[in-house]
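Have the sequence and the 3D view open as you read.

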Amino acid sequence: MNTLEEQIAHWREYVRRHRTIGSRDVAELEDHLRDQVGELTGAGLAGDEAFLIAVKRMGSLDSLSLEFAREHSDRLWKQLVMPAEGEHAGASRFELFVVVILALVAAIAIKTPPLFGHDFDNHEGFYGRNLGLFVLPVLTVYFAWKRQLGMITGGWLLLGFVAAGLFANAYPFAPHGDTEVLALLHLPIACWLLVGVAYVGGGWFASNGRMNFVRFTGELFIYYVLIALGGIVLTAITVMMFESVHVSPEWFVRGWMVPCGAMAAVIVGAWLVEAKKSVIENMAPVLTRLFTPLFTLVLLAFLATMLFTGHAIDMDRNLLIGFDLLLALVVGLVLYAASARDEHAPPGLFDALQFILVVSALLVDLLALAAIVSRISEFGFTPNRVAALGENLILLANLVGTAWCYGRFLRHRGSFAELERWQIAFLPIYSGWAALVVAVFPPLFKFA
Amino acid sequence: MELGKDLVAASATPLVLAILLEGDSYGYAIIKRVATLSGGHLQWTDGMLYPVLHRLERQKLVSTKWGTSDSGRRRKYYRITKSGRLQLDAQREQWRLVDETLRGLWFKAVKA
């Protein structure tokens, strides 16, 4: 790969974040930029020189004024397109307005079922199954608005959410049954793909879009946890203060503050990730770097323990899902390390560490798989076991491919981009499997 | 010779429409065409052209279609619409009027 492609990718990424420019317009500008670069290189300029001049000729985008603050030299072009401080206050204030409205909509959405007799205490199952459906459509609307999504894509997304709503509510689940729990765990994962389609602005296959969505998912999670921590403090202080004057705020905290806050925080978090991207850009990768060695150690220690004691994994009901979570976490560590990595950098120590992590996760997964299979052959199929098995097979396939790509990369036989493509290709598979669990498992196992 | 900002802005719409009257085109080619036609004196920046094109699209004076370039990239093509042609006719009349008026004045000035 040449540096020109990389620079164009940086540029595209930067312009795409710009609120005034939709993804369609970016495609148009990129075509233009490439024409310009092509002509300049044809005239004898080097790729990076041509790129700088082409960006300069492109002028300040949408007549935003230039910002001449000097930055890192490989990001020189940024100075050519960066808007001056405060130029964009009007547009961002409007966005804030939209975000506040959407957060209110999400908060109100979770309070509407009680109007129809579905109060929280007596309809836990209903709330559990629909938890994602209160807020994810609103989040999708936010991105559809921001990315100026077309009617057709919007229609398909709507259809997806309607289908999700039908599957969550039309089935006659046995109360607290396994299939109901599985459905409520998997529905948000299936719906997250719909959010993703809106996030990438409909262009699912456009370069970088899906990796950006992966980044967004990680950053949103971090923001959400931070907001939740603040929320806990707020809740505790509210309770403490009102109880000191012998007024119980419980009905308000339990009935309004926590549910409405939890819903609205998703929208606000998404907006923060979008708006403050550059500030906290590196949060997920930093955590990844911190925890990759630690998880590698734990996995190795676990394998060593099993080896020396000779104990097999004793699979009880909860451990099944627990192991899947562990492996999903390893995939996440690889994914977020990949999302922040410069794909042209040569393999380093951290890559070797990641490789060890993947291989040890692979071994643990094989052991867990053996335990699941033996349990199934002993006690037969239950929805939980089949779901755990399916997830395990998907993660196994992912980890095998990851190990393969990493191995090639470490021996200088392949590029890091291969690994990235492999990981990205799995995104729809996760959601597809989750959709399958939601839609097919309940009738298959008679809604037990 | 450098054209004044106002004049560049005012002439943008008729120029784009007139170029599209020759046939469908896309942003980069339009800029090239303007540069060639003006003998290099009219150098539009790209940051200026696209807002103009998008405004014309919003006013329904041009329509757009995504196609592919020779090298297989996605490319947005612009086509003049019927109301675009009408608008161009109207603009042509206006420019002719300005042109005649100025000519009259300057011709007199030379004679005097």
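Start with Gln148(A), which sits in the loop between helix H6 (124–146) and helix H7 (151–170) of chain A. Keep in mind that you're looking at a predicted model. So what is the phi of Gln148(A) like? It's near 50 degrees, a positive value, and this residue isn't a glycine. That's worth a second look, because most residues other than glycine have a negative phi.

Is Gln148(A) exposed, partly exposed or buried? Gln148(A) has 13 C-beta neighbours inside 10 Å, so it counts as partly exposed. The cut-off for exposed is 12 or fewer, and buried begins at 20.

## Another positive phi

Now jump along chain A to His412(A), in the loop between helix H15 (383–410) and helix H16 (416–425). His412(A) isn't a glycine either, yet it has a positive phi of about 60 degrees.

How many other C-beta atoms lie within 10 Å of His412(A)? There are 9, so His412(A) is exposed.

## Chain A as a whole

Time to zoom out. Which kinds of secondary structure does chain A have? You'll find 18 helices and zero strands. Of the 448 residues in chain A, 33% are buried.

Take the contacts in chain A with a separation of 6 or more: 78% of them are between residues 24 or more positions apart.

## Where chain A touches chain B

Next up is the place where the two chains meet. Here 15 residues of chain A are in contact with 13 residues of chain B. On the chain A side, helix H2 (23–42) and helix H3 (47–58) each supply at least two residues. H2(A) gives the most, with eight residues.

What kinds of residues make up this side of chain A? By class, there are four nonpolar, five polar and six charged residues.

## A hairpin in chain B

Finally, have a look at chain B, where strand S1 (residues 62–68) and strand S2 (residues 74–80) run antiparallel and are joined by seven bridges. To see how the strands line up, find Ser63(B): it stands opposite Arg79(B) in S2(B).

S1(B) and S2(B) form a hairpin, with five residues between the strands. In the turn you'll spot Gly72(B), which has a positive phi of about 90 degrees.

Conventions. Residues numbered from 1 in each chain as written. Chains lettered and ligands numbered in written order. Predicted model: local features only at pLDDT ≥ 70, side-chain atom pairs only at ≥ 80, totals over all residues. Helix = DSSP H or I, 4+ residues; strand = E, 2+ residues; numbered from the N terminus. Contact = placed C-beta atoms within 7 Å. Nonpolar A, V, L, I, M, F, W, Y, C, P; charged D, E, K, R; others polar. Pairing = 2+ DSSP bridges.
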